[in-house]
Amino acid sequence: MAVTIKDVAKLANVAPSTVSRVIANNSRISDSTKQKVREAMKKLGYHPNFIARSLANQSTQVLGLVLPGSADKFFQNPFFPTVLRGLSEGAHEKQYALQMTTGQSDQEIYDGIVQMVQGGRVDGIILLYSKVEDKVMMYLKERDFPFVVIGKPFKNADEITHVDNDNFRATKEVTDYLLKAGHDRIAFVGGDLNLVVTVERLLGYEKSLRNAGIPLEDRYIVHEEFLREGGQEAVKELMTLKNPPTALVVADDLMSLGVLNTLNEMGISVPDDISIISFNNVMLAEMSRPPLTSVDINIFDLGYQAARNLIQKIEDPREPVKRITIPHQIVERSSCSMVKTVKNTESS
């Protein structure tokens, strides 16, 4: 015979309505009562019927996740599984599930979102990217459907809740870091220029060079995909220049891995011949040879805060628009060196 809410209530010595509120994680129920009810549920082997609850509440208890491209590329980059862990943690705390949608083209992604929203499959949407031109974001905003962006919206940022790093500041800091090490030929290897994160990081790089009185050179700015192959293509282009750079700001650790491999094949030593500073600080940054100096952007927190704030918005439509800035820090390892070390070697 199936265990019911009444059975749980009897064992916990509370009203059945209290059990329902505990299942919904109602903030009005004390922690001690929640613990007592959950212990009773565990002892009886009771599992809430979320489908029935969803029908009663007209809620799916599901958050939709929109990936920036095809799933195979998504899982190639360690950034996304890490942000997914944060999203899962934030959703699990409030007993929400996650549903992903992706596509090979922008139109396929857009169509998937329309099906999610109009089909009533999800209570809210999290965009795992922010593009310069994105009709998905416009569609969600026009329908006043709850959504949160991981990244800074290119337009109407003060009207859209988003979770992001200060990418402009972070990239200015890493370029300053290389300038202080004596580098004046610093290249920037970025991702897709339709992604706002790329634009913000490029602007930070340019601001640092302008402040230092160093002319901007288009030949030192290369844009590729946030993949290992992207890094390989970028460094081949840069190292064939008449005056190749002595340092690289690379917008992603996976791209940096491609850069390191290609430099090794070309017989160019890191950091003796060229310095590299990267972004994301995923595990492969520490495991690469040499280990990469990288900006830790606290990827897990980006996902966790996105899920948490979307659920707040779903449960209380009056929740104000927020800009949540996740802190960053440079993690120094072995991929950067002072220019004077290279010059002394050459003169000896």
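# Note on the predicted model

1. In strand β4, the bridge partner of I125 is F147. Strands and helices here are DSSP runs numbered from the N terminus, with at least two residues (E) for a strand and at least four (H or I) for a helix. Two strands count as paired if DSSP finds at least two bridges between them.

2. The structure is a predicted model, in which local features need pLDDT of at least 70 and side-chain atom pairs count only at pLDDT 80 or more, while totals for chains, interfaces and linings use all residues. Residues are numbered from 1 along each chain as its sequence is written, and side-chain values use heavy atoms, with hydrogens and water left out.

3. Six strands make up an open sheet with parallel pairing, in the order β2-β1-β3-β4-β5-β11. In general, the strands of a sheet pair through backbone hydrogen bonds, either parallel or antiparallel. The edges are held by β2 (97-101) and β11 (323-325); each has a single partner strand, so one side of each lacks a neighbour in the sheet. From one strand to the next, the twist averages 20 degrees.

4. Helix α14 packs on this sheet and touches β1 (62-66), β3, β4, β5 (162-164) and β11. Contact means heavy atoms within 4.5 Å. The direction of α14 makes about 165 degrees with that of β4; such angles run from 0 to 180 degrees between N-to-C directions, and the axes are lines fitted to C-alpha atoms, for helices over the stretch in contact.

5. Which residues have the most contacts inside the largest nonpolar core? They are L63, L87, I126, L128, L248 and I276, in a core of 65 residues. Helix α14 (residues 299-315) contributes the most to this core, with seven residues. A nonpolar core is a set of buried Ala, Val, Leu, Ile, Met, Phe, Trp, Tyr and Cys residues joined through side-chain atoms within 4.5 Å. Buried means under 20% relative accessible area, exposed means over 50%, and partly exposed lies in between (1.4 Å probe, protein chains only). Another core, of 21 residues, lies apart from the largest one and includes V62, V114, V122 and V149. In soluble globular proteins, nonpolar side chains tend to be buried together.

6. L248 deserves a separate remark. Leaving aside residues up to four places away in sequence, L248 touches L178, A187, V235, L238, V259, I274, S275, I276 and I277. Strand β8 (residues 247-250) runs parallel to β9 and is joined to β9 by three bridges; the bridge partner of A247 in β9 is S275.

7. Is β9 largely enclosed or left open? Five of the five residues of β9 are buried, so the strand is largely enclosed by the rest of the structure. S275, I277 and F279 point one way from β9, whereas I276 and S278 point the other way. F279 also has a charged neighbour: the charged end of R201 sits over the ring of F279, 4.1 Å from its centre. This requires NZ of Lys or CZ of Arg within 6 Å of the ring centre and within 35 degrees of the ring normal.

8. Four aromatic pairs are found in the whole structure. Rings of Phe, Tyr and Trp (its six-membered ring) pair if their centres lie within 6.5 Å; planes under 30 degrees apart count as stacked, over 60 as edge-to-face and the rest as tilted.

9. The peptide bond from V270 to P271 is cis, with omega near 10 degrees, and P271 is in the loop between α12 (253-265) and β9 (275-279). The bond from R289 to P290 is likewise cis, with omega near -5 degrees. N280, in the loop between β9 and α13, has phi near 105 degrees, a positive value in a residue other than glycine; N280 is buried, at 5% relative accessibility.
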